[in-house]
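This report covers the fold, the nonpolar core and a surface patch, in that order.

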Amino acid sequence: MAIGGTKVNPKKFHKNQIPFYLYLIPVAVFMGAPIVYIINHAFKPMDELFAFPPKFFVSNPSLINFRNLFQTAAGSSIPISRYIFNSFIVTVAVVLLSIIISTMAGFALSKMKFKLKNTIFEVNNLALMFVATAVTIPRYLTINAVGILDTYWAHILPLIAMPVCLFLIKQFMDQVPDSLLEAAQLEGAGAFRIYWKVILPLTKPAIATGAILAFQSVWTNVETSNLFTSSEGIRTLGFYMNTLSGVGTVQGQGMAAAAAMIMFVPNLLLFVVMQSSVMNTMAYSGMK
Amino acid sequence: MASKKNKRNPHDKRRLTKRKLREWMYGYIFILPWLIGVSIFFVYAMVQSLRFSFSNIIFSNGITFNALANPWDNYASVFMKEINFPITLANFGLGLALQLPIIIAFSLIIALLLNSKIRARSVFRMIFFLPVIIATGPVMQQLTAQGVSSVPMVSQNTLLGILQGLPEFIYQPISDLFSSLILILWNSGIQILIFLAGLQKVPSTLYEAAKIDGASGWESFWKITLPIMKPMILLNSIYTVVTLATGGDNEIIQLIYDVSYAPTKGYSYGAAMSWIYTAVVAVILLIVFLLLREKSDRRVKYETKRPDLKERRQDA
């Protein structure tokens with residue numbers, strides 16, 4: 001038995017690591033390939049874009065697609081910086097508000113007792129499944145009735161209550177041990193203090209994941225610009241990129257490739273900033 | 001008197017004590033902002049769309065509700081007249097049945113690999129999570145348009161050649177599966193993350209104890225890892241079904257969108273269709289839940305097993 005015990009925790013993993021790499025590396029390459037492709041695609045000149053069979057790597061990188069994109073943008077009455085500014089405001093507001101709202105609601109649903117709790121969670125699950133297309137017109141009517149049509153609020157308010165976000169965050173909070181909260185309560189911490197000092201730090205990975213989901217849903221959203229706004233000056237970058245690349249011309253293809261890359265650069269930046277908190281899952285954040 | 005009664009039976013649920021009320025109040029305070037948002041933009045909107053689906057609405061200077069001869073007309077015509085709908089729905093169901101196990105198994109395997117002690121672990125973790133960041137609307141459009149989302153041509157053709165003999169309704173979803181395999185794997189980023197979080201909570205002493213008892217890695221996967229991961233598998237399955245069912249590249253969503261804004265069919269018709277679709281998704285989720293939920297007796301078993309294992313380890 002004692003001999004078996006020494007085997008349990010080998011200090012060196014040299015040989016054991018090899019099979020893991022054998023699996024991981026091919027799959028990683030397989031999954032990473034499209035990302036490399038998108039970047040290469042944006043820099044392809046016209047003849048390479050339409051080459052058949054399509055080439056994976058660009059052989060004569062050029063900025064012509066980006067130039068076309070910005071030229072078309074310069075031709076329109078509203079400068080592209082305006083769209084960027086709009087997108088920035090809307091995105092920051094939605095991500096912050098939706099995180100605050102979902103963590104608060106998640107805390108209540110996961111750790112507190114009150115009447116109608118389960119009903120509320122069921123409502124969330126129903127909203128989770130519902131087809132967004134079917135609620136766009138009722139949403140339009142609501143926004144019109146509230147009188148926020150054609151304002152920033154029309155971009156922000158419909159998106160801040162994200163059912164998926166709440167669902168994920170609530171499930172993570174379920175795993176925070178109750179004893180931790182009881183201990184905090186014994187020390188005299190109130191509900192808000194527990195929320196701020198215990199719950200939020202412990203569910204950081206879930207919050208970061210939720211933030212990324214919220215970011216995505218708002219950053220590439222074209223629907224709010226399309227339906228809830230009518231003046232061009234209030235629309236977002238995602239919408240603008242969509243209209244530019246939607247032009248069915250030969251140039252449009254290249255511009256679409258460039259636009260796709262421009263749209264995903266902020267995603268990448270956000271991920272690099274957040275990655276430590278996303279990846280450091282529960283074990284490192286003081287939970288058993 | 002009241003306090004005495006309360007003391008005797010502190011868990012009496014029907015009694016409204018002051019403390020309970022205070023606890024409720026905090027619950028409501030915390031849930032309120034979310035509740036307002038959801039009531040206005042989801043619940044109210046959903047109720048409206050339900051109303052729309054039972055009438056024929058026309059938009060011109062506001063909305064006019066035209067009553068239908070039979071309130072269920074829209075629903076009936078979805079089934080009777082819309083040929084595409086049942087077919088697309090069936091395809092979606094089949095596709096889901098194929099994709100869900102693949103995504104769950106794939107993300108569990110990747111999470112297990114990423115949880116093992118290897119070098120450059122964080123780099124791999126990033127690569128597998130990266131698709132979640134990048135796979136947004138315009139990028140995805142580009143990828144599917146360029147056909148990068150499929151397995152390289154050669155292997156795809158060989159594989160499909162083998163399957164050629166199968167009947168059409170089996171062959172079709174499988175070939176679709178191969179043509180979008182990368183996209184499916186790309187959908188696993190969040191799932192991998194959730195599994196990783198779960199795996200890191202499994203106490204390593206459990207595995208050590210099992211090893212001393214002579215369990216192989218394979219056995220401890222089935223007897224320790226899998227039972228502990230069961231709630232995570234359920235969570236992931238639900239999340240996967242929901243994202244697949246409501247994602248923008250879903251054919252049914254596209255169909256509903258087209259129908260809703262088509263001049264001949266109209267919004268009420270689309271609303272009826274989305275309610276049918278929601279019901280179908282709800283049924284699928286219910287099936288998933290019933291299949292994967294944690295049975296209470298099994299849980300008890302696992303919990304009694306644990307101290308048992310620990311004891312033996314101490315003995316050794």
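## Chain A overall

Contact here means heavy atoms within 4.5 Å. Among contacts in chain A between residues at least 6 apart in sequence, 71% link residues at least 24 apart. The model is predicted.

Chain A contains 15 helices and 0 strands. Of its 288 residues, 51% are buried. The accessible surface of chain A is about 13,600 Å², and carbon and sulfur atoms account for 67% of that area.

## The largest nonpolar core

The largest nonpolar core comprises 147 residues. Phe107(A), Trp34(B), Phe128(B) and Tyr277(B) have the most contacts inside this core. In chain A, domain 1 (13–62) and domain 2 (70–285) both contribute residues, so the core lies between them.

Phe128(B) can be followed through its partners, leaving aside neighbours within four places in sequence. From chain A, Phe128(B) is in contact with Leu24(A), Val27(A), Ala28(A) and Met31(A). From chain B, the partners of Phe128(B) are Phe106(B), Ile110(B), Leu114(B), Gly189(B) and Ile192(B).

## A nonpolar surface patch

Phe88(A), Val92(A) and Leu96(A) form a nonpolar surface patch of about 300 Å². Phe88(A) belongs to helix 5 of chain A, which spans residues 80–111.

Is Phe88(A) buried or exposed? The relative accessibility of Phe88(A) is 55%. The cut-off for exposed is over 50%, so Phe88(A) counts as exposed.

Methods: Residues are numbered from 1 along each chain as its sequence is written. Chains are lettered from A and ligands numbered from 1 in the order in which they are written. This is a predicted model: local features need pLDDT of at least 70, side-chain atom pairs count only at pLDDT 80 or more; totals for chains, interfaces and linings use all residues. Side-chain values use heavy atoms; hydrogens and water are left out. A nonpolar core is a set of buried Ala, Val, Leu, Ile, Met, Phe, Trp, Tyr and Cys residues joined through side-chain atoms within 4.5 Å. Buried means under 20% relative accessible area, exposed over 50%, partly exposed in between (1.4 Å probe, protein chains only). Domain bounds come from an automatic or database domain assignment. Patches are made of residues with over 30% relative accessible area and no salt bridge: like charges are joined within 9 Å, nonpolar side chains (Val, Leu, Ile, Met, Phe, Trp, Tyr) within 5 Å. Accessible areas come from the Shrake-Rupley method with a 1.4 Å probe; for residues, only the protein chains shown count as cover. A salt bridge is a side-chain nitrogen of Lys or Arg within 4 Å of a carboxyl oxygen of Asp or Glu. Helices (H or I, at least four residues) and strands (E, at least two) are DSSP runs, numbered from the N terminus.
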